[in-house]
Each structure stands twice: as C-alpha cells, then as structure tokens.
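I opened my notebook and settled in to look around a new protein. Here is what I looked up, one entry at a time.

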Amino acid sequence: MTENSKLIQGRTGAWEIVMGLEIHAQVASNAKLFSGAAVGFGAGPNEQVSLVDAGFPGMLPTLNKYCVEQAVKSGLGLRAQINLKSQFDRKNYFYPDLPTGYQISQLYHPIVGEGVVEVEAEDGSFFNVGIERLHLEQDAGKLIHDLSPTESYVDLNRAGTALMEIVSRPDIRTPEEAVAYVKKIRTILIYLGTCDGDMEKGNLRADVNVSVCRAGNYDKFKETGDFSFLGTRCEIKNVNSFRFISQAIQYEARRQIEILEDGGSITQETRLYDPTAGETRSMRSKEEAQDYRYFPDPDLLPLVLEQAWIDAIKADLPELPDDKRRRFMSEYGLSQYDAGVLISEQAKALYFEAAAKGRDAKLVSNWVTNEVSARLAADGKDFSDNPLPAAHVAQLVELIETNVISSKIAKEVFDYVWNGEGSPAEVVEKHGLKQVTDTGAIEKAVDEIIAANPDKAAAVAEKPQAIGWFVGQVMKATGGKANPAAVNDILKAKLGL
C-alpha cells in the first residue's frame, strides 16, 4: 500500500486519517468474571443474573481464574508483555444497565502490556499495529427500547460477562487497514480459543477512534510522539461488522474534513454508527479518565501471577496464524496468498491439512478455497459446519492425480458428492465417469472429426491455435471423458503440428 493511497483529497488539500481501535472480545468462559452466573446467548431476560451482577448490597466479587488464564493466553498470542502484577479499578458512571453504578475494569495496571501485531493488507503487503494494552473488565447489561413506546427495559444477562479490551496504538491509516486489523485479532483469538469471535452476537465488537490531519502530520507525530499533530478524535462505539467498520470510518473522516475545511473545529465526543442512514451520530461528549473517577476496587486485591504459570500457558499455546502460514508455505510449497487464505479460518486450515496428506497440496488448496468454500457460502455455512469430509476432497484429488478422471469431470463428480451421492470413487463408478485413456478409442474419435471437417483440418497448418476447436469436438464426442493430454498429442500428430 502506497502513502498516496492513504490520502484523502479535500477542497483545500490532502488529508490523512489516523485511527486507533479498542476491540472488546467476550472471554470464552461458561461463567462471568466476578460471579458464578452462567454465560450464554439466547437465554430469557434476566435468567442469568447473580446477586453480584444485580448489585445487591454486601455482595462481593470473586475473580474467575479461568478468565484470567484466557486473558494471559490472549496476551501471549498477541506477543505482548504479560504483567506479573495487575489491579482492578472502579470506573464510576450511572446508567440503568449498570446496577452497581460502576464498572470493574483495569486502567492503571492492566494484565497485558505492549505488543505488536503483524497484519496482511489486501495487496499482500504487511503492516504493524502496536498493542498498547489488553485489560479485563466486566460488561454492562442491555437496555431494550422496542417493547413499549413509553418504557425501556433492562436485561442484566450480559452484566458481569468477562471482556478483554484490546487497545491499539494509532497505527491504522485506512478503512481497509482497520478491517484487516480486526480480522487478524479475531483470527488469533479464535485460534487460541479465548473468544469465539461471533460479531453478530456481539461477542466481538470494536470502538473506532477516528481523527484527521493534514498530509505529513502523521509522520511528524511518529517522529515526536506529539499527539497534537493528529487532530481531535471521535470515538465510534460498538461497531459489530467488518462492513460497518469500513463504512463508519469513511463517513466520519469525510464529516470531520468538511467541518475543518469550513473553518470549524472537531468536538471530541462519542458517536454511534447508523447503518440504515449510513452515518455517524453524536451520543455524548467524550469523557476523560478523570470524569469516571477511577480508583482501585477495594473489594479486589491486586492480581499477582507467577512466571511459571505463565510459562506453562505459553508452552501449551496452539500454532498461531502467522506460524501456520509460514509452515504451509515451507512444508506444502504454497504461495503466500494461498497460505493466507487457508489460515484465515482455523477450521479451514485444519480441513486443508486433513485433505492434503499424501496429495498434491496446491490442488487440494484450490479445491478447498474455491469449490468447497463457494458451496459453503452458498449454503450460509462456514468450515466449522462443513458437511463434506476432508477425506472426500483427498479422494477426489487422488482420482485426478491418477488420471481416473479429468479436472473437468471432477467438478461434475463434486456436484454429485456434495449432494450426498457418496464418495468420489463411488460416484465415478455409479455414473460411469472414468476418464477415457484408451488411445485407440480417442484416435478413432479424432479420425472421424478430422474426416468430417477437412477444411478446418487444412487450416490448422496456417493457424495452429485452431487445434482448440478440434480438442473441444473430441471432448464433446467422448462425453468429456477423454484424457485431454492424450487428445492433444493425437491431434498434433494427425494434423502435422
């Protein structure tokens, strides 16, 4: 990605967008962060609420060790610093979905410190995004406004659910980079098993901090660390789809540029994105830390971790996306692009490896990323719901490699297999789709077509590419079963090429 592609042309010159993201990832835990209440999607209103979650007087929080472990694992997966000592703070504000009047979070001493994530851009290049921190905090409840024209309802099922907030540095420069970064974080967390990444259910969502500045100011910020070069930022809250993230950034950047070019100034505030209107709207003025009156939670002691425990978690980490991509390239000889597509989903990568054992890895990759992926998408499924065994793809590729079927016939075989007619080998037998390799039978078809088209045969000498017409006719005459290589060889011999 070039620097020019990061510029937006306004009426009065070029501008740059600068962004930092706060990703809220729900910890994959069956219980909440400070209570034993269940966590699950789809329960009835207020069915998963403990006295702690409801803010009853005298109820004390008890830290969920498993959530701590998941946060440490996530920090290690982000190649970030794990802090041996961290502390929980109270973030004080009053809202109906927060029964206690404060949120337990970590501001001053987070469990995970700085790290760096390498992200692949759309053009295959890479850029780094600095991680400032990852901290644990509890989620708030949910306000429901559409059950009555005059009343709002509170559902506390989410109250107390464990969240990991991953805060980036302002290293993101375009909407495309923002989407790529969120995808990368989501993929890492899914590989680790620390968050399921389900954005539709709100289990992973992003707050996007957007500011604009004159072209060249970002470089000055990088040189000096002076945030005044970046302009005033606005935070777009709780964006829960890749498409909406891109759209919200584009709208917000243009909005800010128009205000500045008209001689106005940007008000630091919290905004929301309305996907129906395709615009961001003001929610409230942006609060600073002092507005929340943070102070250490008196009910929770500082969290002290042992290095040996962290080392044990690290030793048990699964293979992460970057490592898997490099291995696919070296072990299977795949291109960076092919390996990147395969590792983008953990289930897809596992499926590929199961099918690729002993087979042509590039051919397997093509079938997995093209035909199988397309069918799943058409059926509204992903690889975790894949009904087609990896062994069927392996067998299909084996049939192609051993010249039992051609690549063209393989697509017909795949259709039958996908529709549940059995394995590829069973389908080939059932429908008589074996490739014709008998050169005598192919030669007979070639002779008949040449004899029926003497003018075209004579023209091939002057226009060799016209042989393609004869190839098509032979394949048609053999029902597409003739070995294409044998057809080409026999035609060239017969036509004197």
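**Entry 1: the domains.** I began with the domain assignment, which gives domain 1 (5-310), domain 2 (318-429) and domain 3 (437-493). I reminded myself that this is a predicted model. Next I looked up how far apart two of the domains sit: the C-alpha centres of domain 1 and domain 3 are separated by 64 Å.

**Entry 2: the largest core.** Which residues touch the most other members of the largest nonpolar core? I found Ile111, Tyr181 and Val393, in a core of 104 residues. Helix H2 (residues 175-192) gives the most to this core, with ten residues.

Leaving out residues up to four places away in sequence, Val393 touches Tyr351, Ala355, Val364, Trp367, Val368, Val372 and Leu388. I also noted a second, separate core of 18 residues, and Val446, Ile449, Ile490 and Leu491 are among them.

**Entry 3: helix H7.** Which residues of helix H7 (residues 336-343) are buried? My list reads Asp338, Ala339, Gly340, Leu342 and Ile343. I then checked what these buried residues pack against, and wrote down H2, helix H6 (321-332), helix H8 (346-356) and helix H9 (361-378).

**Entry 4: a pair of helices.** Two packed helices are described by the angle between their axes and the distance between the axes. I looked up both values for helix H11 (residues 407-418) and helix H12 (residues 424-431): the angle is about 110° and the axes are 9 Å apart. An angle from 65 to 115 degrees counts as roughly perpendicular, and H11 and H12 are therefore roughly perpendicular to each other.

Which residues meet here? From H11 I noted Val413, Tyr416 and Val417, and from H12 I noted Pro424, Val427, Val428 and His431. Sorted by class, this contact has six nonpolar residues, one polar residue and no charged ones.

**Entry 5: positive phi.** Most residues other than glycine have a negative phi. I wrote down two residues that go the other way. Arg79 is not a glycine, yet its phi is positive, about 55°. I found Arg79 in the loop between helix H1 (65-77) and strand E3 (85-86). Its relative accessibility is 45%, so Arg79 counts as partly exposed.

Asn238 is not a glycine either, and has a positive phi of about 50°. This residue is in strand E12 (residues 234-239). With 42% relative accessibility, Asn238 counts as partly exposed.

Entry 6: Is Lys430 buried or exposed? Lys430 is in helix H12, and at 57% relative accessibility Lys430 counts as exposed, because the cut-off is over 50%. From C-alpha to C-alpha, Lys430 and Asp274 are 54 Å apart in space, and they are 156 residues apart in sequence.

My other lysine is Lys222, in helix H3 (residues 217-224). Its relative accessible area is 48%, so Lys222 is partly exposed. Lys222 and Asp415 are 193 residues apart in sequence, with 54 Å between their C-alpha atoms.

Definitions and conventions
Residues are numbered from 1 along each chain as its sequence is written. This is a predicted model: local features need pLDDT of at least 70, side-chain atom pairs count only at pLDDT 80 or more; totals for chains, interfaces and linings use all residues. Side-chain values use heavy atoms; hydrogens and water are left out. A nonpolar core is a set of buried Ala, Val, Leu, Ile, Met, Phe, Trp, Tyr and Cys residues joined through side-chain atoms within 4.5 Å. Buried means under 20% relative accessible area, exposed over 50%, partly exposed in between (1.4 Å probe, protein chains only). Helices (H or I, at least four residues) and strands (E, at least two) are DSSP runs, numbered from the N terminus. Contact means heavy atoms within 4.5 Å. Domain bounds come from an automatic or database domain assignment. Axes are lines fitted to C-alpha atoms, for helices over the stretch in contact, and angles run from 0 to 180 degrees between N-to-C directions. Angles under 35 degrees count as roughly parallel, over 145 as roughly antiparallel, 65 to 115 as roughly perpendicular and the rest as oblique. Ala, Val, Leu, Ile, Met, Phe, Trp, Tyr, Cys and Pro count as nonpolar, Asp, Glu, Lys and Arg as charged, and the others, Gly among them, as polar.
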